[in-house]
Amino acid sequence: MKRILTIIKYMFLKNLRDTGNTLLQMIVLPIALILILGMSLSPIFEYRELDPTSVGYLNEDEGSMSVYFDQFLEMPEISELLKVHQIDSLDQGLESLKKGELSALIHLEADFSAEVLSGGNSAIHITGHPERELRKAIVENLVEGFVSGANATRAMLVMGETEPVYAYTTGILVDHPVSSSGLMPGSMDYYAVTMLVMIIMYGALYSSFGMSESYLTNVGQRIKTTPISRKEQYTGLTLSSVLIVYLQVLVILAFTHFVFGVNWGDNIVMIMLIAFVLVVLANGLGVMVAMVTGNEMKSSNLINAFVVFSTFIAGGYWPINLPGLLNYIRYLSPNYLAQTAIFNTIYDGPADQVILMLAGMLTMIIACFMIAMIAERRAVK
Amino acid sequence: MIVEINNLVKRYGDNLAVDNVNLAIKEGEIFGLLGPNGAGKTTIINLLTGLTRFGSGEVKIFSHKINGHNGKIKKHIGIVPQDIAIYEDLTAAENVTMFGKLYGLSGNELRERVGQALAFTGLDERAKEFPKKFSGGMKRRLNIACAIVHQPRLIIMDEPTVGIDPQSRKHILNSVLELHEQGSTVIYTSHYMEEVEQLCSQIAIMDQGRIIAKGTREELKELVSSEEKIDITLTGANYTLVEKITKIPEVKECSLGEDKLTILTAKNSAIIGRVIDIITATGADVLSMEVEKPTLESVFLTLTGKTLRD
């Protein structure tokens with residue numbers, strides 16, 4: 001244990017001095033990037049008020065349920081979001097939709113109420129403009145609220161109620177605050193997370209360089225001739241790299257919070273834990289690459305390339321959506337796993353997502369260190 | 001014996017780096033491993049220190065077989081590697097302290113030993129400076145300080161004087177002698193035959209992974225030489241002088257140049273007194289005299305057909 005502490009102490013001291021400039025860069029660079037990207041790309045993250053969606057409405061039913069639906073559409077919460085245009089025929093509505101005068105068309109057939117009350121197949125038909133998916137989705141979501149009420153009415157009838165009173169839900173219209181201090185990140189908040197994650201990943205260079213210098217080459221070989229065991233030497237070197245990178249993390253967290261006012265959420269302990277797991281993963285990656293290549297320059301190039309790729313597919317430089325199967329590649333990116341875990345922690349996302357991402361990172365850590373150990377054993381000639 | 005190597009073999013693929021080497025090194029000796037670059041000296045050092053696994057054979061240090069980690073054995077060995085192995089971003093004192101701690105020293109003992117090691121290598125006044133400001137020779141000395149901080153019983157020095165200035169070289173050679181006087185056993189590898197000749201009481205000559213000769217300096221020279229050459233610079237010499245000297249039974253050949261007399265005799269024939277008498281009797285004056293004996297270089301040349309620096 002004493003020898004491990006000796007290695008940690010002197011490697012930490014050496015890293016502080018040797019990388020005086022590097023250390024500064026590793027702290028200043030992400031802070032500068034957070035500031036620059038946060039300010040210049042802020043429009044991407046701005047919340048914009050949506051105009052009401054123009055909807056054509058054709059009601060051919062004269063029963064009670066369609067009356068309820070009329071009332072539903074006239075509710076203030078709905079009319080803020082939907083601008084309803086009564087139309088006379090389906091053809092007229094489709095024509096207006098085609099011309100782009102409408103974003104969606106709602107159609108109640110003549111037997112709508114009768115079907116609802118008799119328990120038959122009833123439907124509110126929604127046709128959307130092919131190029132206005134978002135608008136159609138808004139209409140569908142709003143109508144969903146009414147359908148929930150209709151289903152409840154039908155259930156009451158089935159249970160024997162003779163005159164069920166229709167009550168539609170307004171739960172879907174709960175007003176969620178959408179601001180940088182609330183449930184959605186502003187640009188500064190977004191880049192504080194992605195740049196922190198990116199810089200932790202660059203921390204792999206510390207362990208890679210440390211392993212190359214203090215394990216594989218001159219001084220490392222010399223240390224091996226002392227009574228220290230290889231395991232102690234290996235552990236000491238890895239822990240010293242973890243320590244120096246984690247120190248940077250704490251400085252960046254504090255600086256961005258107190259100076260830039262970045263929202264790190266209410267659960268800072270969890271954020272620090274996720275960051276710590278990623279620091280260990282980054283160091284594991286660095287150790288693995290150093291052991292497999294056995295060459296400092298190759299290791300450095302590989303790590304640099306991987307961090308750029310991993311940051312990109314995780315949306316670290318700017319938010320991206322990857323199509324289809326490519327989207328699953330993100331799960332191979334430590335950046336993506338860490339970012340998802342951090343965002344879900346800050347913005348009250350599902351806890352199981354955080355646990356899943358942490359489990360993914362822990363699996364990667366085990367894989368990295370196992371590969372590194374196998375490569376190390378092969379390297380001893 | 002402090003080190004025993006029996007039938008040691010090490011291969012790197014098809015290359016036989018160490019070929020059935022046998023060595024026995026007594027406690028208190030300065031043992032020289034002499035050979036050209038690539039002869040297998042560093043491989044032997046790496047095998048002794050556990051850095052490299054050997055193929056077959058047996059190595060014993062302090063009567064313990066080397067296998068696995070060997071922490072207890074390593075505690076009493078100090079290694080001065082061929083390449084300078086120190087941290088440029090730790091001060092001289094921090095470098096030595098770190099190695100002292102790794103060798104198990106602590107507290108006052110550590111502080112004292114660090115001071116002694118730095119003083120021994122002449123770096124005590126530069127203790128707080130970073131090696132990146134040091135000359136090559138000073139770095140070499142710090143390289144040694146890190147190896148002797150724990151006052152090991154066995155010090156292994158692998159070409160410790162490569163590429164340094166004469167002053168630092170002299171300092172290092174004197175340090176080796178001083179360490180020997182303090183009771184340490186030293187294994188010293190070099191391809192500078194004059195260093196090995198100056199320092200070592202026992203010498204093994206290596207080439208292509210094999211020990212081609214071993215023994216004391218004198219024993220090695222005995223191997224290759226049956227003659228001595230005497231060069232005498234003189235004035236007033238004539239051919240009568242050559243005739244008279246040639247009549248000495250041990251003299252094999254004698255020739256006279258412009259002012260130089262060259263005599264080839266059987267080894268250790270002790271004829272100098274008689275030669276001087278003859279020269280004086282013929283009225284000539286001796287200006288200088290040199291007896292040329294075989295060197296380790298000539299031993300190596302004879303045994304391998306090439307020079308050490310080939």
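Modeller: Let's start with the contacts of B:R113: setting aside neighbours within four places in sequence, B:R113 is in contact with B:L105, B:V149, B:H150 and B:Q151. Keep in mind that this is a predicted model. B:R113 sits in helix α4 of chain B, which covers residues 107-120. Is this arginine buried or exposed? Its relative accessible area is 18%, and because the cut-off for buried is under 20%, B:R113 counts as buried.

Staying in chain B, have a look at B:L142. Once residues up to four places away in sequence are left out, B:L142 touches B:I86, B:A92, B:N95, B:V96, B:L118, B:L123, B:P131 and B:F134. B:L142 also belongs to the largest nonpolar core, a set of 123 residues, where B:L142 and A:W264 are the ones with the most contacts inside the core. The helix that gives the most to this core is α13 of chain A (residues 268-293), with 15 residues.

Over in chain A, you'll find an open sheet of four strands, ordered β2-β1-β3-β4, with mixed pairing. Its edges are β2 (82-86) and β4 (124-128), each pairing on one side only. From one strand to the next, the twist averages 25 degrees. Zoom in on β1 (residues 53-59) of chain A: β1(A) and β2(A) run parallel and share five bridges. To spot the pairing by eye, find A:Y57, whose bridge partner in β2(A) is A:Q86.

Helix α4 of chain A (residues 64-74) lies across β1, β2, β3 and β4 of that chain, at about 160 degrees to β1(A). Helix α6 of chain A (residues 90-99) packs on the sheet as well, touching β1, β3 and β4, and its direction makes about 165 degrees with that of β3(A).

One last stop in chain A is helix α16, residues 334-346.

Definitions and conventions:
Residues are numbered from 1 along each chain as its sequence is written. Chains are lettered from A and ligands numbered from 1 in the order in which they are written. This is a predicted model: local features need pLDDT of at least 70, side-chain atom pairs count only at pLDDT 80 or more; totals for chains, interfaces and linings use all residues. Side-chain values use heavy atoms; hydrogens and water are left out. Helices (H or I, at least four residues) and strands (E, at least two) are DSSP runs, numbered from the N terminus. The expected span of a helix is 1.5 Å times one less than its number of residues. A nonpolar core is a set of buried Ala, Val, Leu, Ile, Met, Phe, Trp, Tyr and Cys residues joined through side-chain atoms within 4.5 Å. Buried means under 20% relative accessible area, exposed over 50%, partly exposed in between (1.4 Å probe, protein chains only). Contact means heavy atoms within 4.5 Å. Two strands pair if DSSP finds at least two bridges between them. Axes are lines fitted to C-alpha atoms, for helices over the stretch in contact, and angles run from 0 to 180 degrees between N-to-C directions.
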